[in-house]
Amino acid sequence: MRSNKEFKAVFLLLGLLVFITLSIHGWEFYQNRQRFCDFWHNHKKKNHWECFENKSKDDQNGTFNSRIFLRYLHLVFAAPKSSEQQRLRKDLLRKQCGGINQNLVNLNKIDLKNFIVDDKHGIIYCYIPKVACTNWKRTLIALNHDEPYPDPMSFKSNLVHRFDRFKLLRQFPMPERKAKLKHYTKFLFVRDSFVRLISAYRDKMLNYDQYFFKGYVRVILQRYKKQTDLPYNHEVAKKNGLRPSFYNFIQYILDPRTQTYEFEPHWRQMYRLCHPCLIEYDFVGHQESLQEDAQELLKMVKLENDIKFPPSYANMTSADSVMDWFQSVPLEDRRKLYRIYEEDFQLFGYRRPTELLDD
């Protein structure tokens, strides 16, 4: 008799705990049910809302049903709180954006070409060239394989940038874009703009391919080095040692003729690529703390035990080298350059480089 009473007491206590949990999280679950349906939909459900109303033939054995549902519950209820660093970064964005209306209607298809969608895990990544985007693309490719996921580094860097490897947000109808932006985890990684420019110069001006030689290097050499009779083949140009200086590259960016067109993405302003005042990001990572931020993000989406973000490059451009690179750039040109990238510095919390800009 006593054991029966104890059982009832335990049962009532468990019921009370369940009631409290549902009271706390019930509204959040309701708000996020669309997100669960996105997970469900991507496991071959035909009707997006069928996941809450019916049980399809595929799920009669119950195994598929419980696996997806438990993953969703884990994501919603066990999601770790954002770190203080993340809170500060997102608060700064809101402050700098000054209450600009976040409305997807303001974005056209061209603007959305840097937004990669991973429906399987409910992720949207806005990639910025020269900010670890190769390794994040490798990671997303790996995540779209079957478990256990392959090592991201097994995918060659020259192949991961092909657009046919990803679903882009601009490829979806407007209602789906809005739904995904509302319910998926949206993230981007940013970097000190001047360091990013150095990285772009090293990669695209010194180690150019045919595309960058024909479209940019030849133009820069002709305009600012006054070189003529240049070859048309990039391999021939490399053998002849034809390379613009870092200052030539900066001259090109500052040239009013260049500014009449949209910058090439490798040196285009980051806010123009990812629109942080129009899209409310769930995670803002920094290149300067790449490994720590990558691990925190993977924990946020409950993938930290499933995949490892690749290590940083050994030859990654260092912020400590900025002064050396900019010695050849006159003070007034440094100031002009800062004005071009000033919004990136302010939005993403990078300090004004007074050692480069002040007398």
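## The largest pocket

Helix H6 gives the most to the lining of the largest pocket, with 5 residues. A pocket is taken, on a 1 Å grid over the protein atoms alone, as an open set of points where a 1.4 Å probe fits, with protein on both sides within 12 Å along at least five of seven lines; lining residues have an atom within 4 Å of a point. The model is predicted: local features need pLDDT of at least 70, side-chain atom pairs count only at pLDDT 80 or more, and totals for chains, interfaces and linings use all residues. Residues are numbered from 1 along each chain as its sequence is written, and side-chain values use heavy atoms, with hydrogens and water left out.

The volume of the largest pocket is about 1200 Å³, a volume being the space filled by probe spheres set on grid points that are joined across faces, edges and corners. Its lining comprises 37 residues, and Lys130, Thr134, Asp203, Lys204 and His266 lie nearest the centre. Two or more lining residues come from each of helix H6 (133-143), helix H8 (193-206) and helix H9 (210-224). Helices (H or I, at least four residues) and strands (E, at least two) are DSSP runs, numbered from the N terminus. Sorted by class, the lining has 14 nonpolar, 12 polar and 11 charged residues; Ala, Val, Leu, Ile, Met, Phe, Trp, Tyr, Cys and Pro count as nonpolar, Asp, Glu, Lys and Arg as charged, and the others, Gly among them, as polar.

## Overall build and core

The protein chain has 17 helices and 5 strands. Of its 359 residues, 46% count as buried, where buried means under 20% relative accessible area, exposed over 50%, and partly exposed in between (1.4 Å probe, protein chains only). Among contacts (heavy atoms within 4.5 Å) with a separation of 6 or more, 73% are between residues 24 or more positions apart.

The largest nonpolar core has 91 residues, and Trp136, Phe249, Ile253 and Trp267 have the most contacts inside it. Such a core is a set of buried Ala, Val, Leu, Ile, Met, Phe, Trp, Tyr and Cys residues joined through side-chain atoms within 4.5 Å. Not counting residues up to four places away in sequence, Trp267 touches Arg196, Leu197, Ala200, Lys204, Met205, Phe212, Tyr216, Phe249, Tyr252, Ile253 and Tyr341. Lys204 in this list is also one of the residues nearest the centre of the largest pocket.

## Disulfides

Taking a disulfide as a pair of cysteine sulfur atoms within 2.5 Å, the count comes to 2. One joins Cys97 to Cys277, with an S to S distance of 1.9 Å. The torsion about its S-S bond is about -85 degrees, so this disulfide is left-handed. Cys97 lies in helix H5 (residues 84-97) and Cys277 in the loop between helix H13 (270-274) and strand E5 (283-286), so the pair ties together parts that are 180 residues apart in sequence. Cys97 is buried at 8% relative accessibility, and Cys277 is buried at 13%.

The other disulfide is formed by Cys126 and Cys274, with sulfur atoms 1.9 Å apart. This link is left-handed as well, with -95 degrees about the S-S bond. Cys126 belongs to strand E2 (residues 123-126) and Cys274 to helix H13, so parts 148 residues apart in sequence are tied together. Both cysteines are buried.

Leu347, in helix H16 (residues 331-347), is buried with a relative accessible area of 3%. Beyond its neighbours within four places in sequence, Leu347 is in contact with Leu92, Leu93, Gln96, Cys97, Tyr271, Pro276 and Cys277. These contacts include both cysteines of the Cys97 to Cys277 disulfide.

Tyr350 is in the loop between H16 and helix H17 (354-357) and is buried, at 13%. Outside the four places on either side in sequence, Tyr350 is in contact with Val190, Arg191, Asp192, His286, Gln287, Glu288 and Phe345.

## Backbone details

A cis peptide bond, with omega about -5 degrees, joins Glu147 and Pro148. Pro148 lies in the loop between H6 and strand E3 (167-168).

Lys130 has a positive phi, near 75 degrees, and lies in the loop between E2 and H6. Lys130 is buried at 19% relative accessibility. Phi of Lys302 is also positive, near 60 degrees; Lys302 is in the loop between helix H14 (290-300) and helix H15 (322-326).
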